[in-house]
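Me: I have just opened this entry and would like a short tour. Could we go through it together?

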Amino acid sequence: ASPARPPVAANEGGGSLGHVRRLVDERLELLVPPGDAQPRNLHLAMRHALIAPSKRVRPVMCFLIADPGESLREAALDVGCAIEMVHTASLILDDLPCMDDAAMRRQRPTTHVQFGEATAILAAIALMNRAFGIIAELEQVPAPVRTRLAAILSDAIGSNGLVAGQEIDINGRDGLTDAKPVEQLNWLKTGVLFVASAEMGAVLRGLDAQQVGAIRSFARHFGLAFQTADDLIDQTAKPAEAGKDVNQDGSKPTLVSLLGIEQARLSCAEHLNLARRALAEARIDATRLDELVARVFQTRSTG
Ligand code: GRG
């Protein structure tokens, strides 16, 4: 069961972006077993990957879209944390020697470097499992809504989503010869979880089908712009200066390597415009979400 916690003060959910991120960080701390729980190595590995410096874009976006009143504030936070656990699990696996073979992640040695490959894989499985447990146990959320939330997350990360993206990234690079398949890969590896995060927030809030569609479109364009900005940083900035881990695989085709820097910047700007337009169509107060997009792109200066 999810641990009890002091109630979040009524005015806290509407606070600054940094405040929402801190709420996510604090809740994540409580949602995974402590580092001294047996088996210690496994729990330490989960915490090493999860409770580490991260922008927490997905849970913050989910929370802002849910815009929860007091009664749903804790549920919105827990849903965001579940998404963050799945995202972190995917990062642990992505970093393994049989995948991207990365040494650093979130300013730390990767989980397999610190704890060994077997424990890293088990930590990823345990985080994914915990995520679905958290959704199943949400208090104050009716069972049909919990089921829908689980289905959205499961769809996004399965063999038609995130896992498909990873398979193509690892074994399908020969097909990445022009912008279209690369953008499809960006959609699978980054877009689908952005969209799921946004949609889960929209469902928690009880938005209508038109609004959910607009929110999905917002998150899709936000995610695609986010990925291209990431590739632009890899190409143009010293990653360490941009606050990124230095793990890039130079042989990987990206929109930047295929289109060139200028076209990739244009594509990024176009997706951002489309994201803002979709948000306007969602008919919700978008001030905080606009702020989130601006903040993410401010700190991801694309050169
Ligand atoms: C475990 C569901 C599951 C999937 C396994 C390994 C794998 C399949 C997928 C990996 C997909 C992957 C690594 C996509 C990259 C997504 C991405 C943009 C990562 C960086 O996200 P940020 O910048 O990082 O939000 P922080 O650390 O801030 O969270």
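Me: What does the secondary structure of the protein chain come to?
Reply: The protein chain has 13 helices and two strands. Helices (H or I, at least four residues) and strands (E, at least two) are DSSP runs, numbered from the N terminus. This is a predicted model, in which local features need pLDDT of at least 70, side-chain atom pairs count only at pLDDT 80 or more, and totals for chains, interfaces and linings use all residues. Residues are numbered from 1 along each chain as its sequence is written.

Me: How many residues of the protein chain count as buried, in percent?
Reply: Of its 303 residues, 45% count as buried. A residue is buried if 20 or more other C-beta atoms, placed from the backbone, lie within 10 Å of its own.

Me: On to the ligand: which residues come nearest?
Reply: Lys 55, Leu 93, Asp 94, Ile 157 and Gln 166 come nearest, out of 21 residues around the ligand. A residue is near a molecule if its C-beta atom, placed from the backbone, lies within 6 Å of it.

Me: Which helix gives the largest share of that shell?
Reply: Helix 4 does, with seven residues. Helix 4 (70–94), helix 6 (117–136), helix 8 (162–171), helix 9 (179–205) and helix 10 (209–236) each supply at least two residues of the shell.

Me: And by class, what is in the shell?
Reply: The shell has 10 nonpolar, six polar and five charged residues. Here Ala, Val, Leu, Ile, Met, Phe, Trp, Tyr, Cys and Pro count as nonpolar, Asp, Glu, Lys and Arg as charged, and the others, Gly among them, as polar.

Me: Back to helix 4. How does helix 3 cross it?
Reply: The axes of helix 3 (residues 57–66) and helix 4 come within 8 Å and cross at roughly 155°. Axes are lines fitted to C-alpha atoms, for helices over the stretch in contact, and angles run from 0 to 180 degrees between N-to-C directions. That angle makes helix 3 roughly antiparallel to helix 4, a term for angles over 145 degrees.

Me: Which residues of helix 3 meet helix 4?
Reply: Arg 58, Pro 59, Cys 62, Phe 63 and Ala 66 in helix 3 meet residues of helix 4 that include Leu 72, Ala 76 and His 87. The residues of this contact (C-beta atoms, placed from the backbone, within 7 Å) divide into 10 nonpolar, two polar and two charged.

Me: What about the angle between helix 1 and helix 4?
Reply: Helix 1 (residues 17–31) packs on helix 4 at about 75°, with the axes 10 Å apart. The two are therefore roughly perpendicular, which covers 65 to 115 degrees.

Definitions and conventions: Parallel < 35°, antiparallel > 145°, perpendicular 65-115°, else oblique. Contact = placed C-beta atoms within 7 Å. Buried ≥ 20, exposed ≤ 12 C-beta atoms within 10 Å, placed from the backbone.
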